[in-house]
Amino acid sequence: MLVEGFKHERFPKIELNRTELGTPTLYKDDPHIIAVASDNAIASDGMPFMLDINHIPAMVDFIEQFIFSWKS
């Protein structure tokens, strides 16, 4: 199941970050964020998975791989 919102819940999440909005990243304070998808290169500071928010096939691949590895 994929949902939008629920950023304070405790389940695996992908943070979406658009630089034009100027919002700070959340992944540093949320251990449940498994990846960050952004339209601009941002410092990863320990986040192992940084995705291009405009490259949908790569995001789909990441989600599929995560779901299959999580279920195993």
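**Contacts, core and salt bridge in a predicted model**

Apart from neighbours within four places in sequence, T19 is in contact with D39 and N40. The model is a predicted one. T19 sits in the loop between strand 1 and strand 2. Its relative accessibility is 38%, so T19 counts as partly exposed. The limits for that class are 20% and 50%. T19 was also compared with S69. In sequence, T19 and S69 are 50 residues apart. In space, their C-alpha atoms are 30 Å apart.

The overall architecture was examined next. The protein has 1 helix and 3 strands. Along the sequence, these elements follow the pattern β-β-β-α. The C-alpha trace spans about 35 × 25 × 25 Å along its principal axes. The radius of gyration is 12 Å. A compact globule of 72 residues would have a value near 11 Å, so the protein agrees with that expectation.

The accessible surface comes to about 5600 Å². Carbon and sulfur atoms account for 57% of this surface. Of the 72 residues, 21% are buried.

In soluble globular proteins, nonpolar side chains tend to be buried together. The largest nonpolar core in this model has 6 residues. They are A35, A37, L51, I53, M59 and F62. Two elements, strand 2 (33-38) and helix 1 (56-71), each give two or more residues to this core. A37 is one of the core residues. Setting aside residues up to four places away in sequence, A37 touches I14, E15, L16, N17, L51, I53 and M59.

Charged side chains were then searched for pairing. The structure holds 1 salt bridge. It joins the side chains of K13 and D30, with an N to O distance of 2.7 Å. This pair links distant parts of the chain. K13 belongs to strand 1 (residues 13-17), and D30 belongs to the loop between strand 1 and strand 2. The two residues are 17 residues apart. Both K13 and D30 are buried. For K13, the relative accessible area is 10%, and K13 is therefore buried. The cut-off for this class is under 20%. The side chains of K13 and D30 also make a polar contact, again at 2.7 Å.

The surroundings of K13 extend beyond its charged partner. Not counting residues up to four places away in sequence, K13 touches F6, K7, H8, D30, H32, I33, I34 and A35. Another, F6, lies in the segment before strand 1. The backbone of F6 was also examined. Most residues other than glycine have a negative phi. In F6, phi is near 55 degrees, a positive value in a residue other than glycine.

Technical notes
Residues are numbered from 1 along each chain as its sequence is written. This is a predicted model: local features need pLDDT of at least 70, side-chain atom pairs count only at pLDDT 80 or more; totals for chains, interfaces and linings use all residues. Side-chain values use heavy atoms; hydrogens and water are left out. A nonpolar core is a set of buried Ala, Val, Leu, Ile, Met, Phe, Trp, Tyr and Cys residues joined through side-chain atoms within 4.5 Å. Buried means under 20% relative accessible area, exposed over 50%, partly exposed in between (1.4 Å probe, protein chains only). Helices (H or I, at least four residues) and strands (E, at least two) are DSSP runs, numbered from the N terminus. Contact means heavy atoms within 4.5 Å. A salt bridge is a side-chain nitrogen of Lys or Arg within 4 Å of a carboxyl oxygen of Asp or Glu. The radius of gyration is taken over C-alpha atoms; the globule rule is 2.2 Å times the number of residues to the power 0.38. Accessible areas come from the Shrake-Rupley method with a 1.4 Å probe; for residues, only the protein chains shown count as cover. A polar contact is a pair of N or O atoms within 3.5 Å; within protein, one must be able to donate a hydrogen and the other to accept it, and residues adjacent in sequence count only if both atoms are side-chain atoms.
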